[in-house]
Amino acid sequence: MKRLMLFSLFILFFCIGSFGQKMIGFGGELSVLSFKPNLRMWISKTTGIEIFGGIASELEDIDPNDVEGGFKFLHAFQYNRTDRTYFGLVGKWKWVNAFDPNRTTNLPVPGIIVGKEWFSKKRALKGLAVELGYQFGTKEYTIYSPAFNDRLPSKQRFEEFPLILNLRYSFYRKK
């Protein structure tokens, strides 16, 4: 079983990438309630992965006190030299009120996206992408008040904003 897993990983990272345009890009992503720097790698014409992390806010209070990090697995169903249309799976981990130790919690947030990325090569290879999608994550947690020596707990409920609307800009280089 271990040999099969190692062989599969070998095929994924070394052989698939030799069939198409391999690019790696560093950039930033502006979302409805967050800003995230990211690293996107297209390992073939149709397969890509991305890792990201950054600051976010909640819909109830527009205060950037949340931290999130995650990954995207992308599959392009339409590819041209100047643009790419893709869908993907998103998995991220969100720390709500990360800088307040009395009110913090964390939760996983899965989602799906559809995106379109345009490439331009006037001086350097750049990409501009728009992504739409849906995500979901809900957690009910207990907060304690230090003013009352943690004797009066209260319940809070966090719901992740379900709409994904990302605008991203990246600087690419071919591998």
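The largest nonpolar core has 13 residues, of which Met-23, Trp-42, Tyr-86, Ile-113 and Tyr-172 touch the most other members. A nonpolar core here is a set of buried Ala, Val, Leu, Ile, Met, Phe, Trp, Tyr and Cys residues joined through side-chain atoms within 4.5 Å. Buried means under 20% relative accessible area, exposed means over 50%, and partly exposed is in between (1.4 Å probe, protein chains only). The model is predicted: local features need pLDDT of at least 70 and side-chain atom pairs count only at pLDDT 80 or more, while totals for chains, interfaces and linings use all residues. Residues are numbered from 1 along each chain as its sequence is written, and side-chain values use heavy atoms, with hydrogens and water left out.

- Another core of 6 residues lies apart from the largest one, and its members include Leu-107, Val-109, Tyr-141 and Phe-158.
- Not counting residues up to four places away in sequence, Tyr-172 touches residues including Met-23, Trp-42, Phe-119 and Leu-125; contact means heavy atoms within 4.5 Å.

**Overall fold**

- Of its 175 residues, 38% count as buried.
- Among contacts between residues at least 6 apart in sequence, 54% join residues at least 24 apart.

**Strand pairing**

- β6 and β7 pair in the antiparallel sense over 11 bridges; two strands pair if DSSP finds at least two bridges between them.
- These strands, β6 and β7, form a hairpin with 3 residues between them, and Lys-121 stands opposite Leu-125 in β7.
- β7 also pairs with β10 in the antiparallel sense, over 9 bridges, with Leu-128 opposite Tyr-169 in β10.

- Lys-92 lies in strand β5 and is buried, at a relative accessible area of 9%.
- The Lys-92 side chain makes polar contacts with the side chains of Glu-68 (3.1 Å) and Gln-135 (3.3 Å).
- A polar contact is a pair of N or O atoms within 3.5 Å; within protein, one must be able to donate a hydrogen and the other to accept it, and residues adjacent in sequence count only if both atoms are side-chain atoms.
- Phe-161 sits in the loop between β9 (154–159) and β10 and is partly exposed, at 23% relative accessible area.
- Leaving aside neighbours within four places in sequence, Phe-161 is in contact with Val-32, Leu-33, Leu-59 and Gln-135.

**Salt bridges**

- The count comes to 18 salt bridges, a salt bridge being a side-chain nitrogen of Lys or Arg within 4 Å of a carboxyl oxygen of Asp or Glu.
- Glu-131 forms a salt bridge with Lys-72, with the closest N and O atoms 2.7 Å apart.
- Because Glu-131 lies in β7 and Lys-72 in β4, this pair ties together parts that are 59 residues apart in sequence.
- Both partners are buried: Glu-131 has a relative accessible area of 0% and Lys-72 is at 3% relative accessibility.
- Arg-157 meets Glu-140 in a salt bridge (4.0 Å, N to O), linking strand β9 to strand β8 (residues 138–143).
- Arg-157, exposed at 52% relative accessibility, also forms a salt bridge with Glu-159, at 3.1 Å between the closest N and O atoms.

Terms used:
Helices (H or I, at least four residues) and strands (E, at least two) are DSSP runs, numbered from the N terminus.
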